[in-house]
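Confidence first, then helices, pocket and salt bridges.

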Amino acid sequence: KAVVSTQSTGKKGLTPSQIGVILRDSHGVNQIKHLTGTKILRILRAKGLASKIPEDLYHLIKKAVAIRKHLEKNRQDKDSKYRLILIESRVHKLARYYKTKSVLPPNWKYESATASALVA
């Protein structure tokens with residue numbers, strides 16, 4: 001039952017952490033791995049429902065795009081400029097890690113100009 005509900009919520013486009021929250025709140029399943037023996041992301045990958053980029057990298061890119069949008073309006077916001085540098089360095093570090101683990105293709109590169117297309 002948990003696998004079926006995982007697949008059905010995955011078809012709606014929810015992330016694995018959102019699926020975990022739904023299963024916890026509505027079905028009382030605290031860890032799907034204890035119930036099924038496999039993680040949510042592995043269940044989604046088996047059915048071809050997993051996203052192209054990992055969830056943590058996606059959220060970092062989303063945050064960087066939001067800060068860039070903020071900086072277009074507020075160019076003098078020095079703290080946001082600094083935070084953007086820190087976030088983008090985390091994106092590069094995480095991308096380098098995922099390239100070594102073959103989660104991302106070796107030619108994948110984060111570019112701030114095309115980042116909004118990745119998030120949309």
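My entries follow, one topic at a time.

**Ground rules.** I am working on a predicted model, where local features need pLDDT of at least 70, side-chain atom pairs count only at pLDDT 80 or more, and totals for chains, interfaces and linings use all residues. Residues are numbered from 1 along each chain as its sequence is written, and side-chain values use heavy atoms, with hydrogens and water left out.

**Confidence.** I looked up pLDDT, the predictor's confidence in each residue from 0 to 100. The protein averages 92, and 100% of the residues score at least 70. For the record, helices here are DSSP runs of H or I with at least four residues, strands are runs of E with at least two, and both are numbered from the N terminus.

**Helix α1.** Which residues of α1 are buried? I get A2, S5, T6, Q7, T9 and G10. My cut-offs are under 20% relative accessible area for buried, over 50% for exposed and partly exposed in between, with a 1.4 Å probe and protein chains only. The cover over these buried residues includes α2, α3 and α4. I picked out T6, which sits in α1 and counts as buried because its relative accessibility is 0%. Leaving out residues up to four places away in sequence, T6 touches I19, L23, I32, I40, I43 and L44 (contact means heavy atoms within 4.5 Å). After α1 comes G13, with a positive phi near 95°.

**Largest pocket.** I put its volume at about 740 Å³. On method: on a 1 Å grid over the protein atoms alone, a pocket is an open set of points where a 1.4 Å probe fits, with protein on both sides within 12 Å along at least five of seven lines, and lining residues have an atom within 4 Å of a point. Grid points are joined across faces, edges and corners, and the volume is the space filled by probe spheres set on the points. The pocket is lined by 32 residues, of which P16, S17, I40, L41 and E55 are the closest to its centre. Which helix gives the largest share of the lining? That is α2, with seven residues. At least two lining residues each come from α2 (16–27), α3 (32–36), α4 (40–46) and α5. By class I count 16 nonpolar, ten polar and six charged residues in the lining. Here Ala, Val, Leu, Ile, Met, Phe, Trp, Tyr, Cys and Pro are nonpolar, Asp, Glu, Lys and Arg are charged, and the others, Gly among them, are polar.

**Salt bridges.** My rule is a side-chain nitrogen of Lys or Arg within 4 Å of a carboxyl oxygen of Asp or Glu. How many salt bridges does that give? The count is three.

- E88 pairs with R68 at 2.9 Å, N to O. E88 is buried at 15% relative accessibility, while R68 is partly exposed at 30%.
- D25 pairs with R24 at 3.0 Å, N to O. D25 is exposed at 55%, and R24 is partly exposed at 46%.
- D79 pairs with R83, with the closest N and O atoms 3.6 Å apart. Both lie in α6, four residues apart, about one turn of the helix. An α-helix has 3.6 residues a turn, so residues three or four places apart point the same way. D79 is partly exposed at 45%, as is R83 at 40%.

I61 is in α5 and counts as buried because its relative accessible area is 0%. Beyond its neighbours within four places in sequence, I61 contacts I53, V91, W108, Y110, A115, L118 and V119. Is S102 buried or exposed? S102 is exposed, with a relative accessible area of 62%, and I find it in the loop between α6 and α7 (115–119). S102 is not a glycine, yet its phi is positive, near 60°. Most residues other than glycine have a negative phi. The C-alpha atoms of I61 and S102 are 19 Å apart, with 41 residues separating the two along the chain.
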